[in-house]
Structure formats: structure tokens, C-alpha cells
Amino acid sequence: MKMKVCILAVALGLGLAHHNSHVKHGRTSIVHLFEWRWADIAQECERYLGPNGYGGVQISPPSENIVVTKPWRPWWERYQPVSHNLCSRSGTEQELRDMIARCNAVGVNIYADAVINHMCSNEGGEGKHSTCGSYFNATKEEFPSVPFTAQDFNDRNCTTRSGNIEDYQDINQVRDCRLVGLLDLAHRREYVRGKIADYMNALIDMGVAGFRVDACKHMWPEDLSAIYGRLHNLNSKWFPAGSKPFIYQEVIDLGGEPIKACEYYEMGRVTEFKYGARLGTVVRKWNGEKLSDLKSWGEDWGLMPSDKALVFVDNHDNQRGHGAGGKSILTFWEPRLYRLATAFMLAHPYGMTRVMSSYRWNRHIVKGKVSCFKWLVFTLITFCSHQ
């Protein structure tokens, strides 16, 4: 069954070729500047990332989202969009444009986190509690700024009583029902595909080099293929004519579920969640493992093919104890081991590497900004990542 699924994925993805990251000057690594403001990212590109050899930045979702005010504004509100307007707590559309241009000018690409599986939760209610002040009514599934209406969601295709995913062994539930209550878009509708492509194309035309696509496991590969097929070529002001946007897709596949990462390989790179989970156990010396065991690191460890993988020690989800990987995930709370794992990742040739710059947290409460990646020994890392 797995082989049949992956053969189908190959057929769907032929000719799309969204695997080229378009990093400049032979650079190999990118950094996720989690929840940074656009103006601060622009300065970081000019002052640090460009001069120190970073190829790109993954930014937080730029689309308008719901505002959650009680008891604090959590990071996850960015993953509950209410429109495709480009204003968020990271800044205005003009600040976004300025940041993209300034980073491109110093050889640092921008990859936007695209939340296209869903809109906000139906608990979002009605009103203007959003980052641009746009009206929406989540209870009635009305998002006039796009616009999306009730017919653009998957309610009729979901078979569970709650409307949410209840069984991850059921492929139809995972892709047609709501992920933790988030209103699931009906990507089979040509109208929905068109609106999503319009949103992504607006960012491409501004100068982004590609996308991290959120929650891909919850979308049918053929729907994603149809959307990617509508995307513009990259802006020729900064990229060679005819260049296609780089796409890396969030697919959590630790084994044990019927949906496999390989279904998405031919449409773009895929996030390899097993990487950080397994590397964490080795660096901690759990189960008698040791660093010398890593001489065979890569596909021999059950990881996906190197040319399909986007890898990381931790990400914004699993560093907070959810998403994938559990207690084996290393974070900046264990600085010595974290530096070791990150240096190994950047020195080793497997996959495309992404460093994390996050925020200090305590029991899931966001506290203050910490540039974790600056804790690394960059003279060593920059040298190793180019070998």
C-alpha cells in the first residue's frame, strides 16, 4: 500500500520541481525567525544573516489572523487566519514588502509560512478581533475579506460526529475533518484553490523565494499539486527568469499512521520530524547510544532521502512539548547539548538545514525574545555548513 501511494505522488508531482531553494552564493542553511517583526528581520538580514552566510529566513505567517486576548496573546493565534490581508503583529504590508526587498538585496531569501489548510476555529466567534480589524463570523463560516463562505469548507465531507479528527488511522478524517476545531477548507473546490493561489502569488510577486506549507498531512496531495501548479514564477528582479518557488511541506510522519511523508516528496521538500527526535536521543546518550553511532547518519537510520528533507533540531511546536518528538527534542534550555546537535546538523551533509531562533517559554507561556541561534559558535558553524 505504501509503495502504491508513493508512486501516485510521483505521478502527481511530475514537472513541478519546487525543490530548489534558490539560496545565493553557495549558502546551505536557513533560520526560522519565529515571531520576529518584519522591521527587525530586515535589520537582522543586513547586520548578521547576510554577512554570516545564511541563505534564507522562514518568517511567521504573514496573513491576517484572529486576536486572542485572554489571558495573553499566544503564538498560535498566527495559525488561525481570518483573511489573506497582509497585516499581522509582525507589521504592516508595507513593512513586509520593505523587509523582503532588503533581505533579498543582501542575498538572504524569504520563505513565508503559508497557513492554507484552514481558517480560524469556529470558536473564534463574530466581530473584528483580528490583526487588521477585518470582520468575520467563524460561527457561520463567513470570511468576507477573502471571501470564503460555508460552502468553501469541508463539513459535508467529514464523517465524524464532532466534525473534528477523531482517528488518525482514518485518512479521510485526517484530510477532511477539522484539526482541533480549525475550520477545514474544501481544497477540491476550484474556487478555494484559486483563492489560495492568489494569496501565495501576491507574496511571490513581492519577492519571497518560497513557502513552508503548514499542515500538509491534512490536505490531499492532488489538491496541493493543483494549487502549486497555479503559482507564479519567482520575481525576476531577484531570481533567474523561470524560477519556481521553493516549497517545503510540514508532514509529521514518525511511522504508525497510514499517511506517509513520501506522498508529498515530488511536490517539494518535506519536514523530517524523525531527524530531531532521533538526534536528541543520541546526543543525550539514551539507550546506550553515542555520537560515534552517527557515522551512518541519514537514510540508514530510517530518515527520508536527503534531497527530499528539510531538517531541524527543534521547531516552534515540538520545542514546546507538542507537534512530534516528545522528550527527546533538544531546545535552548539545554544549551550545551543544543549547540552540539545544531553544530552537527550544519556540518553533516544530510538534508537542507534550518536553525531555530525562538522565544523563552515556561509551561507554554511566551516570555521574551531569545536569539537562540546566536548562542552557537558561528565561526565553526559557518565553516562546517559550507563543506
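Is Glu 141 buried or exposed in this predicted model? Glu 141 is buried, at 7% relative accessibility (buried is under 20% relative accessible area, exposed over 50% and partly exposed in between, with a 1.4 Å probe and protein chains only).

In this predicted model, local features need pLDDT of at least 70 and side-chain atom pairs count only at pLDDT 80 or more, while totals for chains, interfaces and linings use all residues. Residues are numbered from 1 along each chain as its sequence is written, and side-chain values use heavy atoms, with hydrogens and water left out.

View A. Most residues other than glycine have a negative phi. His 22, which is not a glycine, has a positive phi of about 60°. His 22 sits in the loop between helix H1 (2-13) and strand S1 (29-33) (helices, H or I of at least four residues, and strands, E of at least two, are DSSP runs numbered from the N terminus). With a relative accessibility of 12%, His 22 is buried. Glu 141 also has a positive phi, near 60°, and belongs to the loop between S6 and H4.

**View B. Cis peptide bond at Pro 147.** The peptide bond between Val 146 and Pro 147 is cis, with omega about -5°. Pro 147 is part of the loop between strand S6 (136-137) and helix H4 (171-176).

**View C. The largest pocket.** The volume of the largest pocket is about 610 Å³. Its lining comprises 28 residues, of which Leu 179, Val 180, Leu 182, Asp 214 and Asp 317 are the closest to the pocket centre. On a 1 Å grid over the protein atoms alone, a pocket is an open set of points with protein on both sides within 12 Å along at least five of seven lines, where a 1.4 Å probe fits; lining residues have an atom within 4 Å of a point. Grid points are joined across faces, edges and corners, and the volume is the space filled by probe spheres set on them. The lining has 13 nonpolar, nine polar and six charged residues (nonpolar: Ala, Val, Leu, Ile, Met, Phe, Trp, Tyr, Cys and Pro; charged: Asp, Glu, Lys and Arg; polar: the others, Gly among them).

**View D. Salt bridge between Glu 77 and Arg 89.** The structure holds 24 salt bridges (a side-chain nitrogen of Lys or Arg within 4 Å of a carboxyl oxygen of Asp or Glu). In the bridge of Glu 77 with Arg 89, the closest N and O atoms are 3.9 Å apart. Both residues lie in the loop between strand S2 (56-59) and helix H3 (93-105), so the pair ties together parts 12 residues apart in sequence. Glu 77 is buried at 0% relative accessible area, whereas Arg 89 is partly exposed at 25%.

**View E. Salt bridge between Arg 188 and Asp 176.** The closest N and O atoms of Arg 188 and Asp 176 are 2.9 Å apart. Arg 188 is in the loop between strand S7 (182-184) and helix H5 (190-206), and Asp 176 is in helix H4, 12 residues away. Arg 188 is partly exposed, with a relative accessible area of 43%; Asp 176 is buried, at 4%.

**View F. Salt bridge between Glu 257 and Lys 217.** These side chains meet at 3.0 Å, N to O. The pair spans 40 residues, from Glu 257 in the loop between strands S9 (246-249) and S10 (269-271) to Lys 217 in the loop between strand S8 (210-213) and helix H6 (221-228). Glu 257 is partly exposed at 25% relative accessible area, and Lys 217 is buried at 7%.
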